[in-house]
Amino acid sequence: MSKKHSPPWTPSPAHGALLPPISGCTFNGFGEVAPRRPRQIFWLRKPGSHPFARLLDAVKQRFSSVAAYREVYANADRGPHKLPEPATTRTDDTAGNWTRRVKAFVLGNVAARPGGYPGAGSEAELVGIADIRPDWVYEGFTSTFPHLVVVGNVMDHVRLSRVPSSADDPEGQLEVCDQYNRGARVVNWLAHWIRSQGYNAIPHAGPWVGSLNLLPAAIACGFGELGKHGSLINRRYGSSFRLAAVETDMPLIADAPDHFGADDFCLKCQVCTNGCPPDAIANDKQMVRGTVKWAVNFDRCIPYFNETFGCGICIAICPWSTPGRAPKLAERFSRRAAAKTAAS
């Protein structure tokens with residue numbers, strides 16, 4: 001087992017000067033016992049008067065200083081930029097059939113696609129349906145749609161493992177960018193297709209934050225459990241995937257959460273805790289906006305993320321993310337959980 005970084009990495013004075021008087025952890029609701037909606041904080045397109053505007057602008061400027069980062073979004077196929085209005089006549093079908101058709105579209109099994117779709121083959125590895133909850137909507141925003149189609153795009157583990165990135169070797173973070181582009185492409189075309197059926201649809205694609213927190217939605221629709229590193233752990237792909245989604249009023253059937261023992265594993269595992277250079281990952285869960293859960297220290301994580309052109313170490317070294325290991329771990333810890341339930 002790796003040893004903890006001692007002393008932990010600390011930001012440069014220049015970067016420290018970008019942080020506002022308010023702590024990012026406080027802004028995110030650490031220690032708050034009353035439930036409330038989350039606040040947007042990172043990858044805002046236009047920070048404006050946001051408390052962390054100087055920091056967010058600095059991060060974007062640093063990334064844009066590397067030609068490879070600029071080009072990966074400027075030249076990427078992210079699907080249609082402008083969506084059509086919903087068709088005036090709705091296509092009738094059952095919620096069960098729509099659910100199956102939406103999932104088939106996302107996973108690349110639908111032959112008939114809107115004109116201009118980039119081609120055959122799977123555009124995603126994970127898809128699930130969640131009923132939208134008000135506490136997923138960021139403060140200052142509203143959602144009038146009942147359903148959310150959540151999409152997961154799995155990352156290449158070998159390429160991802162080349163993090164943290166640098167201006168000379170951005171390959172690890174470029175893999176993250178490529179999967180965000182892939183997710184954007186599938187949700188933009190999915191929204192296009194849903195609108196062609198007469199329903200409304202709004203896509204959400206990273207890395208920019210939208211009006212919804214996709215992490216709890218992905219848990220609700222069965223993508224996995226929240227890990228100690230603050231990212232999801234999936235029973236097949238570990239933590240090596242990125243999220244995108246589509247809000248819609250199309251009739252759909254929600255999926256159930258999937259519990260397989262990842263949380264029990266994280267309680268004893270120290271890999272990401274020890275492997276985080278700025279010591280941003282705690283061994284204990286935190287009270288955050290009325291819920292006790294795993295949460296990463298924003299004030300320690302983001303300065304390192306900025307100075308290393310994106311991090312991702314915790315996801316890359318997570319034991320669940322090693323190719324082929326997650327299914328075996330899920331089977332083992334599912335058996336333990338079932339035995340514990342039977343004995344109680």
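This tour moves through the structure by selection, from the sheet to the helices and then to a cavity.

The model is predicted, with local features requiring pLDDT of at least 70 and side-chain atom pairs counted only at pLDDT 80 or more, while totals for chains, interfaces and linings use all residues. Residues are numbered from 1 along each chain as its sequence is written, and side-chain values use heavy atoms, leaving out hydrogens and water.

**The sheet**

Select the four strands, which form an open antiparallel sheet in the order 1-2-6-3. Strands (E, at least two residues) and helices (H or I, at least four) are DSSP runs numbered from the N terminus, and two strands pair if DSSP finds at least two bridges between them. At the edges, pairing on one side only, are strand 1 (126-131) and strand 3 (201-205).

Next, select strand 2 (residues 147-154), which is joined to strand 1 by six bridges. Within strand 2, valine 149 is the bridge partner of isoleucine 129.

**Helices on the sheet**

Angles run from 0 to 180 degrees between N-to-C directions, and axes are lines fitted to C-alpha atoms, for helices over the stretch in contact. Then show helix 7 (residues 171-196), which packs on the sheet and touches strand 2, strand 3 and strand 6 (241-248). Contact here means heavy atoms within 4.5 Å.

**Helix pairs**

Keep helix 7 and select helix 4 (residues 67-74): the two axes come within 10 Å and cross at roughly 10 degrees. Helix 4 and helix 7 are therefore roughly parallel, a term for angles under 35 degrees. Display Ala68, Tyr69, Val72 and Tyr73 in helix 4, which meet residues of helix 7 including Leu174 and Cys177.

Move to helix 3 (residues 53-64) and helix 11 (residues 298-307), whose axes come within 9 Å and cross at roughly 25 degrees. Among the residues that meet here are Leu55 and Phe63 in helix 3, and Phe298 and Ile302 in helix 11.

**The cavity**

A search of the whole structure finds one cavity of 30 Å³ or more. A cavity is a set of points, on a 1 Å grid over the protein atoms alone, where a 1.4 Å probe fits but cannot get out; lining residues have an atom within 4 Å of a point. The largest cavity has a volume of about 60 Å³. Select its lining residues, among them His229, Phe265, Cys269 and Cys318. Helix 9 (262-268) and helix 10 (271-275) are the elements that give two or more residues to this lining.

Terms used. Parallel < 35°, antiparallel > 145°, perpendicular 65-115°, else oblique. 1 Å grid on protein atoms, 1.4 Å probe; cavity = no way out; pocket = protein on both sides within 12 Å on 5 of 7 lines; lining within 4 Å. Points joined across faces, edges and corners; volume = space filled by probe spheres on them.
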